[in-house]
Amino acid sequence: MAADQSRPWLERVWYAGAASGVWLIPFGWLFGLATALRRALFRSGMLPSFAVSTPVVVVGNLTVGGTGKTPLVIWLVEELARRGFRPGVVTRGYGGSILGPAIVTPSMTAGECGDEPLLIAARTHRTVVVARDRVAGARLVTECGADVVIADDGLQHYRLRRNCEIVVLDGERRLGNERQLPAGPLREPASRLGSADAVVVNSGTAGPGELTMRLVGGNARSLKDGTERRLESFAGTAVHAVAGIGNPQRFFTSLRAKGLKLFEHAFPDHHNFQPGELDFPDSLPVLMTEKDAVKCRTFARDGWWSAPVSAEFETLAAESLMTLVLEKIRRPVECG
């Protein structure tokens, strides 16, 4: 397949079949040996892992970049709360300066705790703890009264024992060329999917045994005053679309599906927006992802809107996933 030259070089190597990265393959083998050895050491007990006093559900991925974990974490928190649980979240806080463990508060900035923790805390109103040491973070979540800990992006953090592992795949990109870093996008080999308790595919087509999740857009929300407006009301209007996420094209495609005309502005995942960076030389509306909006709220202008999304499953898939999670969190904890 011919590689799209407009995409970054490494992305073309990983996802579009560009041949110019073949020299990276030996480095991928070395990375694979290192990750396999590390996991074996944890499984054998030669490297210690630790349980906390509450069940732990890990939501992670095999690839670098975004796959839709955060909407699934929010969905799980809401579903568990609906069933009478008191879930809390531990996350690394990528892009933030806080080492933790620290409880996310509304006064924090993305520069301190990361964009995803702010978003999860704002959406769920539950305890969210940022911690590079996920074990210490999970313990703090438990001390705050949670009876289930959701570990966001903790699949490879084997120091923290877990009851349940959920892997999220980008349904469009899946595993790319199925090579490990830096030759491909994988943090662990593709065979790791077989040991996960559930594989959730974000859009695209699910394979055998996989569950399909889709992201559904809600009303646009003003960054200035919180007023809401239906996304469809922008149909036929030219807007500046801003996305600093793992797969910006998914966001742009969702806006086009609502009839919007876009000037696309793709930024790296977790990009730390600064005042003036989005001051475009016109008065067109600016629409951005909810994850980006939490980083722009302190210098937002009139006409800036966030476009929230929520995870959604077909009824049978939702029931299947929650039945699995509930069964797992009632069992004794296992090593990763």
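Does E116 count as buried or exposed at 14% relative accessibility? Let me start there, and then walk you around the rest of the chain.

E116 counts as buried, with a relative accessibility of 14%. By buried I mean under 20% relative accessible area, by exposed over 50%, and by partly exposed anything in between, with a 1.4 Å probe and protein chains only.

A word on the model before going on. This is a predicted model, where local features need pLDDT of at least 70 and side-chain atom pairs count only at pLDDT 80 or more, while totals for chains, interfaces and linings use all residues. Residues are numbered from 1 along each chain as its sequence is written, and side-chain values use heavy atoms, with hydrogens and water left out.

Back to E116, then. Its place is in helix α5, residues 115–124. Leaving aside residues up to four places away in sequence, E116 touches T70, D152, H270 and K291; contact here means heavy atoms within 4.5 Å. As for W75, it sits 41 residues from E116 along the chain, and the C-alpha atoms of the two are separated by 14 Å.

Now the whole chain. Its secondary structure comes to 9 helices and 15 strands. These are DSSP runs numbered from the N terminus, with helices being H or I of at least four residues and strands being E of at least two. The radius of gyration is 20 Å, close to the 20 Å that the globule rule gives for 336 residues, so the chain is as compact as a globular protein of that length. That radius is taken over C-alpha atoms, and the rule is 2.2 Å times the number of residues to the power 0.38. Along its principal axes, the C-alpha trace spans about 60 × 50 × 40 Å.

Buried residues make up 52% of the 336 residues. Of the contacts with a separation of 6 or more, 70% are between residues 24 or more positions apart. The chain exposes about 15200 Å², and carbon and sulfur atoms supply 55% of that; the areas come from the Shrake-Rupley method with a 1.4 Å probe, and for residues only the protein chains shown count as cover.

On to the sheets. Two strands pair if DSSP finds at least two bridges between them. How many strands are in the open sheet that begins with β3? There are 9, in the order β3-β4-β2-β5-β1-β6-β7-β8-β15, with mixed pairing. β3 (102–103) and β15 (309–313) stand at the edges with a single partner strand each, so one side of each is left without a neighbour in the sheet.

Let me step through some of the pairs. β1 (residues 56–60) runs parallel to β6 (residues 164–170), joined by 4 bridges, and V57 stands opposite C164 in β6. β7 (residues 198–202) and β8 (residues 211–217) also pair in the parallel sense, over 3 bridges. There, N202 stands opposite M213 in β8. β8 and β15, on the other hand, run antiparallel with 5 bridges, and the bridge partner of M213 in β15 is F313.

Please look at helix α6 next, residues 134–143. The buried ones are R134, V135, G137, A138, L140, V141 and T142. They pack against β2 (87–91), β3, β4 (128–130) and β5 (148–152).

There is another open sheet, with 6 strands in the order β10-β9-β14-β13-β11-β12 and mixed pairing. β10 (228–229) and β12 (261–266) stand at the edges, each with a single partner strand, so one side of each has no neighbour in the sheet. β13 (residues 286–289) and β14 (residues 304–307) run parallel and are joined by 4 bridges, with T289 opposite A307 in β14. β11 (residues 238–243) runs parallel to β13 as well, through 3 bridges, and V242 has M288 in β13 as its bridge partner.

Which residue shall we finish on? F263, which lies in strand β12. At 44% relative accessibility, F263 counts as partly exposed. Beyond residues up to four places away in sequence, F263 touches A238, V239, H240, A241 and L284. T91 is 172 residues from F263 along the chain, and their C-alpha atoms are separated by 33 Å.

Thanks, everyone!
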